[in-house]
Amino acid sequence: MREIDTILKDTLKCQGFKLKGTSWYRLTDDFINVINFQKSLYSNLYYINIGIDKKIGNEDLYKPEYKFPIRLRIERLITDKALMQALDFEHNISVLDRVELLNKILMYSIDFLDSISNWEQLKFSLSDSQHPINKAAIIATMRSEIENR
């Protein structure tokens, strides 16, 4: 298990996520949520990718994050650069501070996913031009399904 997974596993498990491969998945009534920690190829820096997909009629509940129709990086939600430095394991901060900051970043991610826990919330979020979901990648087939609900 990677260091970031080890640090955040208790928080993720408490929030209903399960580790499958290198991503954390949670099933809600309507959606599959994914949180993926992507390690940089060039340094000890991580990116947090989050995604949402429909649950009903989905053949693969645990597909890779990049195949989720709604996905974005946490940097779209958090602009605090000092906070985001916790994702850079080459940045010199104490272990306790890193754990606290990483849990704060993770809770931003989970709060975002919780804010879109059903189809009505998703439609409402898409109707708000300032909502971060409007900058997310949304595959056309899911967009039409959202509009038809």
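I listed the lining of the largest cavity: I50, G51, I52, I70, R71, L72, F112, L113 and I133. I worked on a 1 Å grid over the protein atoms alone, where a cavity is a set of points that a 1.4 Å probe fits but cannot leave, and lining residues have an atom within 4 Å of a point. The model is predicted: local features need pLDDT of at least 70, side-chain atom pairs count only at pLDDT 80 or more, and totals for chains, interfaces and linings use all residues. Residues are numbered from 1 along each chain as its sequence is written, and side-chain values use heavy atoms, with hydrogens and water left out.

I counted 1 cavity of 30 Å³ or more. The volume of the largest cavity is about 30 Å³, taken as the space filled by probe spheres set on the points, which are joined across faces, edges and corners.

I sorted the lining by class and got 7 nonpolar, 1 polar and 1 charged residues. Here Ala, Val, Leu, Ile, Met, Phe, Trp, Tyr, Cys and Pro are nonpolar, Asp, Glu, Lys and Arg are charged, and the others, Gly among them, are polar. At least two lining residues come from each of β4 (46-54), β5 (70-73) and α3 (95-114). Helices (H or I, at least four residues) and strands (E, at least two) are DSSP runs, numbered from the N terminus.

Next, the aromatic rings. I found 4 aromatic pairs. Rings of Phe, Tyr and Trp (its six-membered ring) pair with centres within 6.5 Å; planes under 30 degrees apart are stacked, over 60 edge-to-face, the rest tilted. F31 and W119 have ring centres 5.0 Å apart and planes at 55°, so this pair is tilted. F31 is in strand β3 (residues 31-39) and W119 in helix α4 (residues 119-127), so the pair ties together parts 88 residues apart in sequence. Both F31 and W119 are buried (under 20% relative accessible area; exposed is over 50%, partly exposed in between; 1.4 Å probe, protein chains only).

For Y46 and F89 I read centres 5.4 Å apart and planes at 70°, so the pair is edge-to-face. Y46 is in strand β4 and F89 in the loop between α2 (81-84) and α3, 43 residues apart. Y46 and F89 are both buried. I also noted a cluster of Y25, Y62 and F68, linked by ring pairs.

Which charged ends sit over the rings of F68 and Y47? That of K63 sits over F68, 5.6 Å from the ring centre. That of R73 sits over Y47, 4.1 Å from the ring centre. The rule: NZ of Lys or CZ of Arg within 6 Å of the ring centre and within 35 degrees of the ring normal.

How values were computed. 1 Å grid on protein atoms, 1.4 Å probe; cavity = no way out; pocket = protein on both sides within 12 Å on 5 of 7 lines; lining within 4 Å.
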